[in-house]
Amino acid sequence: WNVNKDWRDRVWERVPAEVEFTGLGTIVMTKRIRKEFFNRDLVYPVYTDATTVFTPTTDGRIGGSNATWATIRDATSATVYDASADAEGVRVAGTNRTSAEGYFVFRGFFTFDVSALSGTTDTATFNLYVDTKQDDDADANSYINIAESTQVSTTLDTTDYNNFGTTKFATDKDIGTDITTGAYNAWGLNADGKTYLDTKIGSGNAMFCIREGHDIDNVAPDC
């Protein structure tokens with residue numbers, strides 16, 4: 001709106017907003033005013049709502065290993081690693097197999113307090129900064145995607161290992177060809193993801209789980 005002293009004479013217009021999840025501790029909301037808005041008799045300055053940055057209440061990973069694929073993939077609990085997204089937390093999602101210890105599965109969890117937001121979602125992306133990647137299998141199941149986390153609280157617990165939804169919130173990103181190291185990688189939320197986010201805006205926490213394709217599709221990795 002513009003700053004006319006009489007609110008009845010102000011020029012009002014709905015402004016679309018984009019919500020971006022960085023995956024490293026912030027949510028950024030960007031609001032864009034159409035250039036045509038300024039082709040009017042306005043009293044400056046022009047305002048939108050304040051831009052707000054949100055930090056997640058929890059981020060971390062849960063994982064473990066077992067000699068049998070089904071045992072570790074379908075386990076009801078595993079080890080909670082450092083939730084500060086550094087050190088152990090760097091490896092947020094993945095699967096692999098070794099001759100000594102069998103199969104490994106790791107799942108990343110991110111929680112954002114969106115209770116202070118209002119409205120509905122036009123577009124939203126989940127951005128994750130990737131330092132390194134490993135794609136030994138390099139097959140059709142070597143991808144990363146996100147879904148809802150159904151963890152019990154904002155503090156990760158060992159039993160949250162299998163607390164996640166099965167509906168994908170974005171398009172799969174192939175580890176070998178779609179994931180870029182040393183940069184942010186963006187998963188644009190699809191209709192299901194935006195619908196889920198809308199149910200949390202203004203009321204609570206949006207919780208996301210990030211997993212690797214062999215885990216999602218229940219296909220044991222070869223290496």
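User: Is Phe208 buried or exposed, and what is its relative accessibility?

Analyst: Buried means under 20% relative accessible area, exposed means over 50%, and partly exposed lies in between, using a 1.4 Å probe and protein chains only. Phe208 has 0% relative accessibility, so it counts as buried. This is a predicted model, in which local features need pLDDT of at least 70 and side-chain atom pairs count only at pLDDT 80 or more, while totals for chains, interfaces and linings use all residues. Residues are numbered from 1 along each chain as its sequence is written, and side-chain values use heavy atoms, with hydrogens and water left out.

User: How many aromatic pairs does the structure hold?

Analyst: A pair of aromatic rings is described by the distance of the centres and the angle of the planes. Rings of Phe, Tyr and Trp (its six-membered ring) pair if their centres lie within 6.5 Å; planes under 30 degrees apart are stacked, over 60 edge-to-face, and the rest tilted. The structure holds 10 such pairs. One of them is edge-to-face: Phe110 and Phe126, 5.3 Å centre to centre with 75° between the planes.

User: Where in the chain are Phe110 and Phe126?

Analyst: Strands (E, at least two residues) and helices (H or I, at least four) are DSSP runs, numbered from the N terminus. Phe110 is in strand β7 (residues 102-113) and Phe126 is in strand β8 (residues 123-130), so the pair links distant parts of the chain, 16 residues apart. Phe110 is buried, with a relative accessible area of 3%, and Phe126 is buried at 0%. Phe126 also pairs with Phe208; this pair is tilted, 5.9 Å centre to centre with 55° between the planes. It too links distant parts of the chain, since Phe208 lies in strand β12 (residues 205-212), 82 residues from Phe126.

User: Which residues do ring pairs link into a cluster?

Analyst: The cluster consists of Phe110, Phe112, Phe126, Phe169, Trp187, Tyr196 and Phe208.

User: Which charged end sits over the ring of Trp187?

Analyst: A charge sits over a ring if NZ of Lys or CZ of Arg is within 6 Å of the ring centre and within 35 degrees of the ring normal. Over Trp187 sits the charged end of Lys173, 5.9 Å from the ring centre. Arg107 does likewise over Tyr161, at 4.0 Å from the centre.

User: Which residues of helix α2 are buried?

Analyst: In α2 (residues 191-200), the buried residues are Gly193, Tyr196 and Leu197. The arc is that of the directions from the helix axis to the C-beta atoms. These residues cover an arc of only 100° around the axis, which puts them on the same side of α2. At the N-terminal end, Asn190 caps the helix: a side-chain oxygen lies 3.1 Å from the backbone nitrogen of Asp192. Just after α2, Gly202 takes a positive phi of about 80°.

User: What joins the side chains of Asn145 and Asp172?

Analyst: A polar contact is a pair of N or O atoms within 3.5 Å; within protein, one must be able to donate a hydrogen and the other to accept it, and residues adjacent in sequence count only if both atoms are side-chain atoms. Here a polar contact of 2.7 Å joins the two side chains. Asn145 is found in strand β9 and is buried, with a relative accessible area of 1%.
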